[in-house]
Amino acid sequence: MSTTLPPFEQGRLKKEDCIILLHNSKGDFVDIESVVAEMAISNSLYISGSSVQLLLNDSTNLVKNFPIIGDELLEVELRTPTTEGGKKIFKSIKYLFKITSMESRNRTFRSESFVLNGISFENINNLTKSVNKSYVNLRIDQMVKAVYES
(Lines give C-alpha, C1' and ligand atoms only; values in the text may rest on other atoms or scores of the structure.)
Protein backbone atom coordinates (compact mmCIF):
# COMPACT_ATOMS: atom_id res chain seq x y z
CA MET A 1 0.00 0.00 0.00
CA SER A 2 1.46 3.35 -0.99
CA THR A 3 0.71 6.65 0.67
CA THR A 4 0.71 9.93 -1.21
CA LEU A 5 1.61 12.99 0.79
CA PRO A 6 -0.01 16.32 -0.11
CA PRO A 7 2.34 18.76 -1.85
CA PHE A 8 4.10 21.31 0.34
CA GLU A 9 2.29 24.62 0.37
CA GLN A 10 4.24 27.62 1.54
CA GLY A 11 2.32 29.54 4.17
CA ARG A 12 -0.01 26.63 4.87
CA LEU A 13 0.50 27.05 8.61
CA LYS A 14 -0.99 30.38 9.65
CA LYS A 15 0.69 32.60 12.19
CA GLU A 16 -2.34 32.48 14.50
CA ASP A 17 -1.87 28.70 14.72
CA CYS A 18 1.55 29.18 16.39
CA ILE A 19 2.37 29.86 20.02
CA ILE A 20 5.99 30.92 20.49
CA LEU A 21 7.20 31.61 24.03
CA LEU A 22 10.71 32.52 25.16
CA HIS A 23 11.57 31.50 28.76
CA ASN A 24 14.56 32.76 30.77
CA SER A 25 16.35 31.21 33.75
CA LYS A 26 14.39 33.37 36.22
CA GLY A 27 11.13 31.71 35.22
CA ASP A 28 9.88 34.70 33.23
CA PHE A 29 8.53 34.24 29.73
CA VAL A 30 7.46 36.44 26.85
CA ASP A 31 5.26 35.70 23.84
CA ILE A 32 7.45 36.53 20.82
CA GLU A 33 5.02 35.43 18.10
CA SER A 34 4.37 39.06 17.10
CA VAL A 35 8.06 39.76 16.37
CA VAL A 36 8.87 36.49 14.58
CA ALA A 37 9.21 37.15 10.84
CA GLU A 38 10.32 33.65 9.86
CA MET A 39 10.70 30.31 11.60
CA ALA A 40 12.34 27.14 10.30
CA ILE A 41 12.26 23.86 12.23
CA SER A 42 14.57 21.19 10.81
CA ASN A 43 15.07 17.50 11.48
CA SER A 44 18.08 15.43 10.48
CA LEU A 45 18.12 11.87 9.23
CA TYR A 46 21.31 11.24 11.19
CA ILE A 47 20.54 12.81 14.57
CA SER A 48 17.33 12.21 16.51
CA GLY A 49 16.36 15.76 17.30
CA SER A 50 15.29 19.08 15.85
CA SER A 51 16.82 22.49 15.37
CA VAL A 52 15.15 25.87 14.96
CA GLN A 53 16.03 29.20 13.41
CA LEU A 54 13.94 32.27 14.14
CA LEU A 55 14.26 35.62 12.38
CA LEU A 56 12.98 38.33 14.71
CA ASN A 57 12.17 41.94 13.81
CA ASP A 58 12.08 43.64 17.17
CA SER A 59 11.26 47.22 18.12
CA THR A 60 10.83 46.52 21.86
CA ASN A 61 14.54 45.97 22.62
CA LEU A 62 13.87 42.37 23.64
CA VAL A 63 17.60 41.56 23.81
CA LYS A 64 18.15 44.11 26.56
CA ASN A 65 14.76 44.20 28.32
CA PHE A 66 14.03 40.47 28.59
CA PRO A 67 17.16 39.95 28.36
CA ILE A 68 18.47 37.38 25.90
CA ILE A 69 21.79 36.13 27.29
CA GLY A 70 22.02 32.58 25.90
CA ASP A 71 20.31 30.65 28.68
CA GLU A 72 16.78 30.72 27.27
CA LEU A 73 14.30 28.03 26.35
CA LEU A 74 12.01 28.38 23.37
CA GLU A 75 8.59 26.75 23.55
CA VAL A 76 6.82 26.32 20.21
CA GLU A 77 3.34 24.92 19.76
CA LEU A 78 2.00 24.43 16.24
CA ARG A 79 -1.67 23.70 15.72
CA THR A 80 -2.37 22.04 12.40
CA PRO A 81 -5.90 21.81 11.05
CA THR A 82 -7.17 18.43 9.91
CA THR A 83 -10.52 16.78 9.30
CA GLU A 84 -11.78 13.77 11.16
CA GLY A 85 -15.25 12.40 10.56
CA GLY A 86 -16.20 15.47 8.52
CA LYS A 87 -15.30 17.86 11.39
CA LYS A 88 -12.37 20.26 11.33
CA ILE A 89 -10.13 19.73 14.36
CA PHE A 90 -6.69 20.95 15.37
CA LYS A 91 -3.81 18.69 16.29
CA SER A 92 -1.04 20.17 18.36
CA ILE A 93 2.70 19.61 18.00
CA LYS A 94 4.92 20.93 20.79
CA TYR A 95 8.66 21.56 20.68
CA LEU A 96 11.10 22.70 23.36
CA PHE A 97 14.42 24.16 22.23
CA LYS A 98 17.51 25.46 24.02
CA ILE A 99 18.71 28.71 22.48
CA THR A 100 22.32 28.24 21.41
CA SER A 101 23.24 31.45 19.61
CA MET A 102 22.18 34.79 18.22
CA GLU A 103 23.53 35.91 14.86
CA SER A 104 23.02 38.36 12.00
CA ARG A 105 22.12 41.18 14.37
CA ASN A 106 21.30 44.35 12.41
CA ARG A 107 20.30 47.51 14.25
CA THR A 108 18.48 50.50 12.84
CA PHE A 109 17.30 53.66 14.57
CA ARG A 110 14.13 52.19 16.14
CA SER A 111 14.38 48.44 15.65
CA GLU A 112 16.70 45.53 15.15
CA SER A 113 16.57 42.17 13.46
CA PHE A 114 18.44 39.07 14.50
CA VAL A 115 18.40 35.30 14.18
CA LEU A 116 18.02 32.99 17.19
CA ASN A 117 19.28 29.42 16.77
CA GLY A 118 18.24 26.56 19.01
CA ILE A 119 18.39 22.80 19.34
CA SER A 120 16.09 20.28 20.97
CA PHE A 121 17.08 18.36 24.07
CA GLU A 122 17.34 15.16 22.01
CA ASN A 123 20.26 16.81 20.18
CA ILE A 124 21.88 17.81 23.47
CA ASN A 125 21.56 14.26 24.77
CA ASN A 126 23.08 12.92 21.54
CA LEU A 127 26.10 15.19 22.01
CA THR A 128 26.86 14.02 25.53
CA LYS A 129 28.54 10.72 26.18
CA SER A 130 28.92 8.94 29.47
CA VAL A 131 32.33 7.40 30.15
CA ASN A 132 32.14 4.50 32.59
CA LYS A 133 35.62 3.17 32.10
CA SER A 134 38.91 3.98 33.71
CA TYR A 135 41.94 4.77 31.55
CA VAL A 136 45.37 4.43 33.14
CA ASN A 137 48.88 4.81 31.79
CA LEU A 138 47.64 6.53 28.62
CA ARG A 139 48.30 9.99 27.26
CA ILE A 140 45.29 12.30 27.04
CA ASP A 141 45.12 12.05 23.24
CA GLN A 142 45.02 8.25 23.55
CA MET A 143 42.22 8.47 26.16
CA VAL A 144 40.17 10.77 23.94
CA LYS A 145 40.68 8.47 20.97
CA ALA A 146 39.63 5.45 23.03
CA VAL A 147 36.47 7.23 24.25
CA TYR A 148 35.63 8.42 20.73
CA GLU A 149 36.06 4.95 19.23
CA SER A 150 34.03 3.18 21.93
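## Close-up views of a predicted model

Figure 1. Arginine 107 counts as exposed, because its relative accessibility is 61%. The model shown here and in the following views is predicted. The side chain of arginine 107 meets that of glutamate 112 in a salt bridge, with 3.8 Å from N to O. Glutamate 112 also forms a salt bridge with the side chain of arginine 105, at 2.6 Å from N to O. Glutamate 112 has a relative accessible area of 8%, so it is buried; the cut-off for buried is under 20%. Arginine 105 has a relative accessible area of 34% and is partly exposed. Arginine 107 is exposed.

**Figure 2. Serine 104 in strand S6.** Serine 104 is found in strand S6, which covers residues 87–107. The phi angle of serine 104 is positive, about 50 degrees, although the residue is not a glycine. Serine 104 is partly exposed, because its relative accessibility is 48%.

**Figure 3. The salt bridge between arginine 139 and aspartate 141.** The two side chains meet at 3.1 Å, N to O. Arginine 139 counts as exposed at 52% relative accessibility. Aspartate 141 is partly exposed, with a relative accessible area of 45%. How many salt bridges does the structure hold? There are four. The Arg139–Asp141 pair is one of them.

**Figure 4. Asparagine 137 in a loop between two helices.** Asparagine 137 lies in the loop between helix H2 (121–127) and helix H3 (140–149). Asparagine 137 has a positive phi of about 55 degrees and is not a glycine. Its relative accessible area is 80%, so asparagine 137 is exposed; over 50% is the cut-off for that class.

**Figure 5. The aromatic pair.** The structure holds one aromatic pair. Tyrosine 95 and phenylalanine 97 form it, and the pair is stacked. The ring centres are 5.6 Å apart, and the planes are 15 degrees from each other. Why does the pair count as stacked? The angle of 15 degrees lies under the 30 degrees that the stacked class requires, so the pair falls in that class. Are the two partners buried or exposed? Phenylalanine 97 is buried, at 0% relative accessibility. Tyrosine 95 is partly exposed, at 23%.

**Figure 6. Serine 51 and its contacts.** Serine 51 has its place in strand S4, residues 50–58. At 26% relative accessibility, serine 51 is partly exposed. Which residues does serine 51 contact, leaving aside neighbours within four places in sequence? They are Ala40, Ile41, Ser42, Phe97, Gly118, Ile119 and Asn123. Phe97 in that list is the buried partner of the aromatic pair. The C-alpha atoms of serine 51 and glutamate 122 are separated by 9.9 Å, although the two residues are 71 apart along the chain.

Figure 7. Strand S3 (residues 36–43) pairs with S4 in the antiparallel sense. The pairing runs over seven bridges. Glutamate 38 has leucine 55, in S4, as its bridge partner.

**Figure 8. A nonpolar surface patch.** Leu45, Tyr46 and Ile47 make a nonpolar surface patch of about 440 Å². Leucine 45 sits in the loop between S3 and S4. Leucine 45 is exposed, because its relative accessible area is 82%.

Figure 9. Phenylalanine 66 and proline 67 are joined by a cis peptide bond. Omega is about -20 degrees. Proline 67 lies in the loop between helix H1 (62–65) and strand S5 (73–84).

**Figure 10. The whole chain, for orientation.** The protein has three helices and seven strands. From the N terminus, the elements run β-β-β-β-α-β-β-β-α-α. Of the 150 residues, 24% are buried. Among contacts between residues at least 6 apart in sequence, 47% join residues at least 24 apart. The protein exposes about 11200 Å², and carbon and sulfur atoms supply 53% of that area.

Technical notes
Residues numbered from 1 in each chain as written. Predicted model: local features only at pLDDT ≥ 70, side-chain atom pairs only at ≥ 80, totals over all residues. Heavy atoms only, no water. Helix = DSSP H or I, 4+ residues; strand = E, 2+ residues; numbered from the N terminus. Buried < 20%, exposed > 50% of the residue type's maximum accessible area, 1.4 Å probe, protein only. Contact = heavy atoms within 4.5 Å. Areas by Shrake-Rupley, 256 points an atom, 1.4 Å probe, with all protein chains shown as cover. Phe/Tyr/Trp six-rings, centres within 6.5 Å; stacked < 30°, edge-to-face > 60°. Pairing = 2+ DSSP bridges. Patch = residues over 30% accessible without salt bridge, like charges linked within 9 Å, V, L, I, M, F, W, Y side chains within 5 Å.
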